[in-house]
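The report then turns to the chain as a whole.

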Amino acid sequence: MPLYDVEHVTPLTPEQQELLAKALTTIHSKRFNTPRYFVNVRYTDVSTQVVFRGGIPRKYNRLILRTRAGSNRSSDEYLEHCQDVVGKWENIVGKEGEMGLRTVWVNGSLTQALEAGIGRPKTGEEDAWIEANMPHFKELAAAGNEDFIELMKELEAKRKL
């Protein structure tokens, strides 16, 4: 569902990538009621990419979030999310000079998606969607699909809370 495209000029260690992916997954799943399994994080080294800002070549770290938009997600909520993303980056990567995360863009235009044969819910309808698709999730987990095994663990843990 959501895709965090992390375009970095600062070299990121595998440990930093993992920590950042886990942090982004956690804040997204909590804020937008999305199962962790559906949060994707992709890294692209753009240190050799030519980017012009204001007609001047620049190199900087940026993060582009592609996600579902919905009337129940306000501009203020997205702004707070961007600020949380920057905070996680600063704690894991740093904020000085080229290490800083200059830009976070939220592209809330994911109209629909199909993943593992299942269409995505509208924003605000996640809980009903999970219940409606639970038999399929269980079937995929029982067939040994590791992603759905993890999803079922997450959903079962959430139910116990």
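In this predicted model, helices H1 and H2 make a right-handed crossing. Helix H1 spans residues 14-32 and helix H2 spans residues 75-92, and their axes come within 10 Å of each other while crossing at roughly 155°. Because angles over 145 degrees count as roughly antiparallel, H1 is described as roughly antiparallel to H2.

The residues that bring these two helices into contact can be named one by one. On the side of H1 they are Gln16, Leu19, Leu20, Ala23, Leu24, Ile27, His28, Arg31 and Phe32, and these meet Glu77, Tyr78, Glu80, His81, Asp84, Val85, Lys88, Trp89 and Ile92 on the side of H2. Sorted by class, the residues in the contact of H1 with H2 are 10 nonpolar, three polar and five charged.

The crossing of H3 past H4 is left-handed.

In this second contact, H3 contributes Asp127, Ile130, Glu131, Met134, Phe137, Lys138, Leu140 and Ala141, whereas H4 contributes Phe148, Ile149, Leu151, Met152, Leu155, Lys158 and Arg159. The contact of H3 with H4 holds 10 nonpolar residues and five charged ones, with no polar residue among them.

The two angles can be set side by side:

| Helix pair | Crossing angle |
|---|---|
| H1 and H2 | roughly 155° |

How many helices and strands does the whole protein have? There are four helices and eight strands, and, read from the N terminus, they follow the order β-α-β-β-β-β-α-β-β-β-α-α. Taken along the principal axes, the C-alpha atoms fill a box of roughly 55 × 35 × 30 Å. The protein has 161 residues, of which 39% count as buried. Among the contacts between residues at least 6 apart in sequence, 72% join residues that are at least 24 apart.

Finally, an unreviewed UniProt entry carries the annotation "domain: Tautomerase cis-CaaD-like", which covers residues 1-133.

Key:
Residues are numbered from 1 along each chain as its sequence is written. This is a predicted model: local features need pLDDT of at least 70, side-chain atom pairs count only at pLDDT 80 or more; totals for chains, interfaces and linings use all residues. Side-chain values use heavy atoms; hydrogens and water are left out. A crossing is left-handed if the near helix is turned anticlockwise from the far one by less than a right angle, and right-handed if clockwise. Contact means heavy atoms within 4.5 Å. Ala, Val, Leu, Ile, Met, Phe, Trp, Tyr, Cys and Pro count as nonpolar, Asp, Glu, Lys and Arg as charged, and the others, Gly among them, as polar. UniProt positions are given in the numbering used here, feature names are shortened, and annotations may be inferred rather than shown by experiment. Buried means under 20% relative accessible area, exposed over 50%, partly exposed in between (1.4 Å probe, protein chains only). Axes are lines fitted to C-alpha atoms, for helices over the stretch in contact, and angles run from 0 to 180 degrees between N-to-C directions. Angles under 35 degrees count as roughly parallel, over 145 as roughly antiparallel, 65 to 115 as roughly perpendicular and the rest as oblique.
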